[in-house]
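Student: I would like to learn how to read a structure like this one, feature by feature. Could we go through it together?

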Amino acid sequence: MLAAALTCLAVPAPQDPGPGIDRQLARARAALVRDVEYDLRFQLEARSREVRGSVWLRFSLPEDGYPSAPLVLDFAGTELADVRLNGRELVPRAVHDHVLLPGELLQRGRNNLLARFRSPVAATGTPLTVYRDPADGREYFYSLVVPADAHRLYPCFDQPDLRAGFRVELDLPVGWTAVANTRRVAERVEGSPGTVGTLWQFERTPPLPTYLMAFACGPFAVVDGGRLAAPGVDPDQPLRFFLRDSERRHLDRDRLVAMHGDGLRWLAQQFGVPYPFGKLDLVLLPGFPYGGMEHAGAIFYRETALLFDHPPTDAELVRRSTLVYHELSHQWFGNLVTMRWFDDLWLKEGFATFMGYRALEALEPERKAWLRFLQRVKPRAYEVDGTPGTTPVFQELQNLADAKSAYGAIVYNKAPAVLRALHERLGPRVFQDGLQRFLRAHAFGSADWRDLARALEAAARQDLSRWSERWLLASSMPQVRVEWRLDDQGLVADAAVTQRAIAGDGDWPLDLELLVVGADGGRRTLAVAGDGARLPVPALEGAPPPAAVLVNPRDVAYGQFVPDAASRAWLLRHVDAEAEPMVRAVATAALFEAVREAELDPAAFAEVALRLLARERDPETHAWLLDALGTCLQRYLEPERAAPWRDRATALLLAQLHDEAASGRELGTFRWLARASADAPVLDLCRAVAAGADLPAGLVPGKQDRFLAAAALLAAGEGRDAVDRLQRSLAREDVGKEAFLALAAEPGVEAKARYWKQYLQPDAPPEQWTQDSLAWFHWPGQEELTLPYLLPALTQVEWVKQHRRIFFMPAWLDAFVNGHSSAAALAIVDEFLAAAELSADVRQKLLQSRDGLWRAVRLRAAFPAAK
């Protein structure tokens, strides 16, 4: 019976496999294939447009039953040749992204496949990417195959639950350096027959999913960071930095070594498992499309995420720290234990973000981790989770061709937020015990959310099924309010916390705190817990009504917390007098939610934001307030209504720049002004920044800031002179990206048409350049120039999904949709949604982006300019 069942599992259906990796196909293979190993050899030459390689694939099939039908192998490269399966020559039949291995050539036990392959190499759109330094012409190559692009590089079983050992060899030109997941073996063979130069051989990896095998090569400089004294780290293998030699001067070696060492030690203690991969290398890549990628034993970082060409802002330092701790957390959550399928993506990304902020709290307490979590993580979750396009944390996924769409705010922002609430509910020791049980049980294997829930339930000795049902498996979030009714004597007759689903239906289990402010200014904190639409608050009954109630004052819970009318009025008067930074931030966020719900005039919020900005000394909170103020002035208010507050904001910020001592707020202030105002004093400031001279105290711009200043001058109609001067003055440096961004802000029909054409090129420029330039293309005040591109951008979205990496498609939609605030733009989006045949994931992403535009149109209608 078992043999017959396995034979039936060999292919998902009588017909050939379809495009991508379907879940049914993946389940069939996972039930059949065992003990996978790859020996991979890649050959690259200077100026390569393709990579040539060979694969020796070994895998086992059951001794008591093996397929008579074909076994599906995944490959979508350029060529597969000289294929031999178990010693017999084979011309495999290619079907979509696969090749079919004939059942009659398969055998019980161990199977062997040998083949040669070729795959393309380009600056973008390929799993092996090349960055060509515009300054010196040097080339740097790196692989990046997450979530399911490994089969576009080499033949494989490309699914996360078929882990394999990888032995990698790289045949490279003499003078290049290489790095991979494991240590290089002792020998380097130069000039061997059949090689182009130097053969780099690396040790076999422990079992890894295909998306984690990685290598990089090119004329990298290598900086020794010394030995890391952390559990599990090979004492004979130093931490190494691979980077461009031109960027060595920006490497803060000692600080980065300390961060990685401290992070590994703290995480190993938290998880109860030593670092699993022995050695650790850090590869700093120009043009890398993500902040980081957690490849086991060799973390790839975007160069500018760790290296600064200017004194970094507080926000940049927090971003760097949380990125490092996020990628280190992945060495356990994602690498040691991998989600079985990408519908559980949150198991690695949500945990890495949450543990990253816990590490920040423990290792850098001065960074105010949970205040930053409120300011940096939760807002994007709320923006998406309150839209018709939101999804559950656990996202059903039928095909890995759609896995890129699982990435976004729900897994990166909502998941860590609900994990923080669960951590508070269970307590640190119980939560830690549950994580350790989970990691020990599934080390070097795969798991899903049920496995984690069982581990946490065992540690907590309580049933978490209701929590999982609502916080993991249900979409949307609760909108939470406090309401009360007075009796004839003016006392509170009854009071309750209410919740409703913003999208969908149902209630969530809530554990809330209420900060109650009395009419006399006295304060008390109440706890409310329950699972229903209405949760009574008897502690308020029989007393005079409170002056204000602030829900979730420590920002532990997750949901949209909208203040009642009385509390809103009190907060508008008193929020700037609040001494506790977290409470002040929670109150400010609550007022902003009232704006988004059209219950508070954006102008009233702008007034409060100006008062707060006048006194705020924390640089990152200052920048967070500027972001909220900018949304109100640029999107929620008609330009004529926004003008007085914009003028006041400009005057205040210029005064802070010129009249106050260096405070750490200077770069954030300049960056906001450059995009928000074209007043003469601001343009004078931009000229000074572009020139790098006569700057206010504390304002030390980097290259991108100088090009931002030049872009502001360009957008103001002063031509390309400032950009051209910067390019000439920095001719010996790589400023290709900075110039590309700046010129995207050029006003004019021809300029926008030129960039639009470049955006649709499949293989250039680097994807990071294009993605980052979208905000510059939609420079404030250029809506009439960019509106003609809204419908074409929507029409191209399926192409974008297919040809760009995981974060690009939602960024594309957000930029083109939310580069506008007009009813005309909303009509274009709605007409497209009504008429277009879109894949479900693309429609959801578009509905998420549409929500911001819809709110802007709604608010402008609700609070119009005076006639």
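Predicted model: local features only at pLDDT ≥ 70, side-chain atom pairs only at ≥ 80, totals over all residues.

Student: Where in the chain is Ala-557 placed, and is Ala-557 buried or exposed?

Tutor: Ala-557 sits in the loop that runs between strand E28 (548-551) and strand E29 (560-561). Buried means under 20% relative accessible area, and Ala-557, with a relative accessible area of 6%, is therefore buried.

Student: What does His-295 touch, and where is the place of His-295?

Tutor: His-295 lies in the loop between strand E19 (292-293) and strand E20 (298-302), and its relative accessible area of 1% makes it buried. Not counting residues up to four places away in sequence, His-295 touches Ser-143, Leu-144, Asn-181, Tyr-211, Leu-212, Ala-214, Phe-300, Gln-331 and Asn-335.

Student: How should I read the predictor's confidence, and what pLDDT does the chain average?

Tutor: This score is the predictor's confidence in each residue, from 0 to 100. The chain averages a pLDDT of 95, and 97% of the residues score at least 70. Over residues 1-14, however, the pLDDT is below 50, although this stretch has 22 contacts in the model beyond near neighbours in sequence.

Student: Which residues touch the most other members of the largest nonpolar core?

Tutor: The largest nonpolar core has 296 residues, and those touching the most other members are Tyr-38, Phe-42, Tyr-154, Trp-332 and Trp-346. Taking Tyr-154 as the case, and leaving aside its neighbours within four places in sequence, we find it in contact with residues including Tyr-38, Phe-42, Phe-75, Phe-117, Phe-166 and Met-213.

Student: How can I read a helix, and how many residues of H13 are buried?

Tutor: One can look at its span and at how far it is covered. Helix H13 (residues 581-596) has 16 residues and reaches 22 Å from its first C-alpha to its last, close to the 22 Å expected at 1.5 Å a residue. Because 14 of those 16 residues are buried, H13 is largely enclosed by the rest of the structure. Just after H13, Ala-598 takes a positive phi of about 60°. Helix H23 (residues 767-777) is mostly covered too, with eight of its 11 residues buried, among them Trp-769, Leu-774, Trp-776 and Phe-777.

Student: How many salt bridges does a search of the whole structure find, and which parts of the chain does the pair Arg-523 and Glu-578 link?

Tutor: The search finds 76 salt bridges. In one of them the side chains of Arg-523 and Glu-578 meet at 2.5 Å, N to O. This pair links distant parts of the chain, 55 residues apart, with Arg-523 in strand E26 (residues 523-530) and Glu-578 in the loop between helix H12 (565-574) and H13. Arg-523 counts as partly exposed at 45% relative accessibility, whereas Glu-578 is buried, with a relative accessible area of 10%.

Student: Where do Asp-851 and Arg-855 lie?

Tutor: Both lie in helix H29 (residues 840-862), four residues apart, which is about one turn of the helix. Asp-851 forms a salt bridge with Arg-855, the closest N and O atoms being 2.7 Å apart. Asp-851 counts as buried at 5% relative accessibility, and Arg-855 is buried with a relative accessible area of 5%.

Technical notes. Residues numbered from 1 in each chain as written. Heavy atoms only, no water. Buried < 20%, exposed > 50% of the residue type's maximum accessible area, 1.4 Å probe, protein only. Helix = DSSP H or I, 4+ residues; strand = E, 2+ residues; numbered from the N terminus. Core = buried A, V, L, I, M, F, W, Y, C linked by side-chain atoms within 4.5 Å. Contact = heavy atoms within 4.5 Å. Expected span 1.5 Å × (residues − 1). Salt bridge = Lys/Arg side-chain N within 4 Å of Asp/Glu carboxyl O.
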